Amino acid sequence: MSSFWQQALPGTPMPDAIADLVRKGIDDAPRVERYPAFPSISLCGAWTGMCTASLAAPTGIFFYEAQLRPGSAMTMSFPAEAEPPILPHDLAEKVPFANLSAVLTTFSIPAGSAEASHVAKTLSLCQSLPHAGEIRVCTTSLESTVRSAMNMLIGGSTGGDHGMWTATSVLPAGGGLPRQLYEVQAVTKLHGDYFVGCHKMPFPYRVYQCHMTAGLTDKGYVVSLRGLVGGGPTAKLLAFCHFDTSKWSPAHPSFEVLGTHPGTPVCHFMPYANPVFG
C-alpha cells in the first residue's frame, strides 16, 4: 500500500488519519467488518441530499467567509464517529457494492430498516448523474480514491501533471471536537486552483464520494482553531468556500443554517479523514 502511495504521490506523506484507516483495513483483512451505515456530518460538504439543517446546525460545519480571519470565534461540535477502514483494493473488489440486495445480505442489514435506506441512498447517489458543473465519482479503496482524484485534477487543469498533493483535517484523538467556542488562530490558503474533496458516505465499509467543480469558483484553506474553554483543544481544519452557488438547490441545508440563499457564498469545514487532493 505504501509503495502505491509513493508511486502515485511522490514526496507527499500519507495523512495520519488516512494511514490509520488503511492500516485498519489491512489488519482486518480478509474479512470486512460491518460498520454502522448512518448519516454523518461528512455528508454536509457534498451534494448528497442526506445532510439536513438539523444535522449540520449544532456542529458549526457551515460558516460565513467573513469568519475566516484570525481572532474570529465560532461555536463548534464535531461528534466522534465510528470510522470504517479503507479497504485494500483486492478486498474491495471482492465485496458487493453496486447491488443493494447483495450488500444487505452480506452485511446482515435488515431490509426496510433505516440503515438499509441509507445504504440505498448512497448507491442511488453513486449511480446518478453529477450536478451541472460537477465531476463526481464514488470510490471503495485507497487506490480508486487516489486514481479518481488524479484523473479529475489532470483533466481539470491546463498544465497536465502538476504535482498532486493531499491533506486532511487534523483533529484531536478520536476525530471529534467537543462543543465549545473556538477562536481562529490562523488561516492559510491551500495551494492550487482545483480541488477534489472526498466525503465519507453511509455504508457498511468505507465509501467516499469524491467531487470537483469544473470552474475556478472554490477556494481552500487550512484554519487553525483553539478552544476557548479551559485551554481547550486545538485543530487544523481544511475548509472550502464556494463562491458560485447560484445553481444550488434552495433546500440545501447551508442556506437554512446560515440564513442565506442561492448565489451567496457558502463555506464549510472538512471533518475527520475526509481527504482533499489538489
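This is a predicted model: local features need pLDDT of at least 70, side-chain atom pairs count only at pLDDT 80 or more; totals for chains, interfaces and linings use all residues.
Local features were taken at pLDDT of at least 70, and side-chain atom pairs were counted only at pLDDT 80 or more, while totals for chains, interfaces and linings use all residues. Residues are numbered from 1 along each chain as its sequence is written, and side-chain values use heavy atoms, with hydrogens and water left out.

Salt bridges were examined first. A salt bridge is defined here as a side-chain nitrogen of Lys or Arg within 4 Å of a carboxyl oxygen of Asp or Glu. Side chains of opposite charge can pair when their charged atoms come close. The structure holds six such bridges. One of them joins Glu115 and Arg34, with an N to O distance of 2.4 Å. This pair links distant parts of the chain, 81 residues apart. Glu115 belongs to helix α6 (residues 114–127), whereas Arg34 sits in the loop between α2 (16–28) and α3 (53–56). Helices (H or I, at least four residues) and strands (E, at least two) are DSSP runs, numbered from the N terminus. The partners were also classed by relative accessible area: buried means under 20%, exposed over 50%, and partly exposed in between (1.4 Å probe, protein chains only). Glu115 is buried, at 8% relative accessibility. Arg34 is partly exposed, at 33%.

A network of salt bridges links Glu81, Glu83, Lys200 and Arg206. Within this group, the side chains of Glu83 and Lys200 meet at 3.3 Å, N to O. Lys200 lies in strand β6 (residues 196–200) and Glu83 in the loop between β2 (73–78) and α4 (89–92), so the bridge ties together parts that are 117 residues apart in sequence. Lys200 is buried, with a relative accessible area of 6%. Glu83 is likewise buried, at 11%. Glu83 also forms a salt bridge with Arg206, at 3.0 Å, N to O.

Disulfides were examined next. A disulfide is a covalent bond between the sulfur atoms of two cysteines. The criterion applied was a pair of cysteine sulfur atoms within 2.5 Å. Four disulfides are present in the structure. With bonded cysteines counted along the chain, they follow the pattern 1-2, 3-4, 5-6, 7-8.

Cys44 is joined to Cys51, with an S to S distance of 2.1 Å. The angle about this S-S bond is 85°, and the link of Cys44 and Cys51 is right-handed. Both of these cysteines are buried.

A further disulfide connects Cys198 and Cys210, S to S 2.1 Å. The torsion about the S-S bond is about 115°, so this disulfide is right-handed. Cys198 lies in strand β6 and Cys210 in strand β7, so the bond ties together parts that are twelve residues apart in sequence. Cys198 and Cys210 are both buried.

Cys241 and Cys267 also form a disulfide, with their sulfur atoms 2.0 Å apart. Its torsion about the S-S bond is about 105°, so the link is right-handed. Cys241 lies in strand β9 (residues 234–242) and Cys267 in strand β10 (residues 266–269), so parts that are 26 residues apart in sequence are tied together. Cys241 is buried, with a relative accessibility of 0%. Cys267 is buried as well, also at 0%.
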